[in-house]
Amino acid sequence: MADVTPLLVATGLKRHFGGLRAVDGVDFSLPAGEIRAIIGPNGAGKTTFVSLLSGRLEPSEGRVTFAGEDVTRLPAYRRVQRGIAYTFQITNIYLTKSVADNVRVAVESRARRERGVEFEAATLEALQAVGLEDRAETPAGELAYGHQRLLEVAMGLALRPKLLILDEPTQGLSDAEIRAFIALVRRIAETATVLLIEHNMDVVMALADRITVLARGQVLAEGTPAEIRANSEVQAAYLGTPC
Amino acid sequence: MSRAAFARNAWLVLAVLAVLFSLQFVLPDYQVLMATRMMLLAVFALGFNALLGYVGLLSLGHALFFACGLYASGLTVYHFGWGLPAAFVFAVGASAVLALLIGAVALRTIRVSFMIVTLMFAQVGALTVLYFAAWTNGQEGLSLPASARVADLGVATLDLTDALTRYNIAYGLLAASLLILLVYLGSARGRIATAVRDNEGRTEMLGFNVFAAKLEMFVLSGAMSGAAGAAYGLLFGYLGATFASFQYSIEPLLFTLLGGAGTLLGPLVGVLFMVGLIDKLSELTTAYLLVIGVVLIVLILWFPKGILGTVRERWLPWLM
């Protein structure tokens with residue numbers, strides 16, 4: 001993978017909240033087509049880091065480059081338009097709209113950028129990808145929690161992103177739902193790069209091509225799942241600590 | 001919104017408009033005057049509800065746009081002798097531009113701050129009217145001259161001292177406002193507006209410029225309120241500083257809450273009930289405002305969604 005142009009590059013990325021250095025000089029490079037997991041103990045700055053990538057927060061210092069373009073100063077919605085989709089850590093959907101209408105908002109976003117988007121076909125396709133096509137007319141607020149998470153992924157997919165950022169997607173899901181979710185992420189990865197923040201080590205080990213470990217706002221280690229598992233520093237900082 | 005649901009809403013609006021049109025043939029003179037006033041206030045409330053009901057922004061300063069329309073049309077007629085159609089078009093444009101400028105500032109705030117900022121702008125507007133008393137004649141106001149009570153449309157002249165002429169102009173403005181909102185809300189833009197109302201963060205992270213969507217509705221809302229003010233001034237021939245006062249910022253809020261925020265016809269229903277009630281009560285007692293206050297408290301406690309909001313919740317889920 002060494003000769004692949006990276007899809008996303010972060011250079012010297014910092015974000016300080018007063019005295020707290022949530023993200024403190026992160027260099028990060030993500031090649032296209034990869035599934036990358038970001039792990040780290042609570043408070044390591046994972047969510048802050050991906051918020052800087054998605055544009056929900058502005059960095060105190062550093063640069064973010066996406067598909068060869070400097071996006072550091074772009075607001076979040078413009079980054080979404082360029083292909084960075086983000087699913088929230090806490091489920092974030094339109095509770096009063098129907099499942100299909102939720103997805104339609106995302107399809108509308110794509111239709112504003114691309115010509116010839118088949119509205120209903122694209123909506124159905126995203127729903128089928130997560131298996132929610134039978135619930136299309138149900139108000140989203142009436143879905144079970146696991147289904148709401150899937151709906152959020154469907155909205156991300158309907159954007160046809162180049163990069164899909166999933167912030168703790170399996171939190172609160174049952175074991176069976178997690179298994180289905182792993183299969184879903186593998187399918188998504190056939191067409192998009194996936195950046196995954198995850199606490200569940202089984203999910204990380206099953207999915208990630210490479211893992212980046214954050215601790216105290218800095219990159220502690222980066223490597224394949226096998227390398228990370230064997231890394232004594234990581235074990236000390238993270239794997240050894242009971243969650 | 002499905003096509004079937006949109007069609008039902010369209011038929012409902014057309015049916016309501018048909019009833020309103022036919023009322024002029026049955027109502028006695030005094031009621032025609034009342035209905036004309038109500039329809040113009042309904043246009044004002046429709047503009048207000050576009051903002052509150054469909055993007056979830058509560059403005060406490062909409063009197064500013066009503067007064068902007070009122071004075072922009074009235075003063076050009078009074079001082080420069082403009083024709084009524086030109087003055088009206090100018091007033092709507094001026095209100096839209098004012099809304100664009102104020103929206104660009106006020107929309108940087110949210111919730112309570114937004115309410116306070118809009119309120120402050122409206123107070124500036126009210127004081128401006130008084131400050132330029134040489135032009136506006138301050139609190140006393142101006143009455144438009146008899147020559148300004150005739151609208152020359154080229155093909156026809158309209159006599160604004162005639163009650164039915166006024167009724168039909170107000171009716172035309174209400175019909176246009178309702179149809180514009182119906183089409184807007186049924187379009188993709190309407191879907192984005194309600195998406196912003198329901199979940200701003202999610203909408204931004206789906207790639208929409210939330211600020212621009214809010215500003216667009218703010219301008220539409222301001223222009224509609226300005227159109228109502230312009231028509232009010234020109235049809236009744238009086239420009240007064242009261243129209244810029246806080247009372248006129250609160251009234252559209254009351255009409256909208258009573259009729260149902262976020263329902264297309266709610267503001268109209270709210271105006272009919274509230275203005276009708278005030279009219280009847282003021283014949284019986286001088287303390288009619290007390291009764292209005294009690295009615296409002298009862299409504300907010302037991303029917304917080306307003307009349308049409310409650311109807312939608314219980315019986316007609318397809319209502320826009």
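In which helix of chain B is Thr128(B) found? In this predicted model, Thr128(B) belongs to helix 5 of chain B, which covers residues 111–131. Thr128(B) has 15 other C-beta atoms within 10 Å. A residue counts as buried at 20 or more such atoms and as exposed at 12 or fewer. Thr128(B) is therefore partly exposed. In sequence, Thr128(B) and Ala241(B) are separated by 113 residues. In space, their C-alpha atoms are 9.6 Å apart.

Helix 10 of chain B was examined next. This helix comprises residues 210–236, 27 residues in total. Of the 27 residues in helix 10 of chain B, 22 are buried. The helix is therefore largely enclosed by the rest of the structure. Gly237(B) follows helix 10. The phi angle of Gly237(B) is positive, near 70°.

The C-alpha trace extends about 50 × 40 × 40 Å along the principal axes of chain A. The radius of gyration of chain A is 18 Å. A compact globule of 243 residues would have a value near 18 Å, so the two agree. In chain A, 44% of the 243 residues count as buried. Contacts in chain A were also considered for residues at least 6 apart in sequence. Of these contacts, 66% join residues at least 24 apart.

Notes:
Residues are numbered from 1 along each chain as its sequence is written. Chains are lettered from A and ligands numbered from 1 in the order in which they are written. This is a predicted model: local features need pLDDT of at least 70, side-chain atom pairs count only at pLDDT 80 or more; totals for chains, interfaces and linings use all residues. The radius of gyration is taken over C-alpha atoms; the globule rule is 2.2 Å times the number of residues to the power 0.38. Two residues are in contact if their C-beta atoms, placed from the backbone, lie within 7 Å. Helices (H or I, at least four residues) and strands (E, at least two) are DSSP runs, numbered from the N terminus. The expected span of a helix is 1.5 Å times one less than its number of residues.
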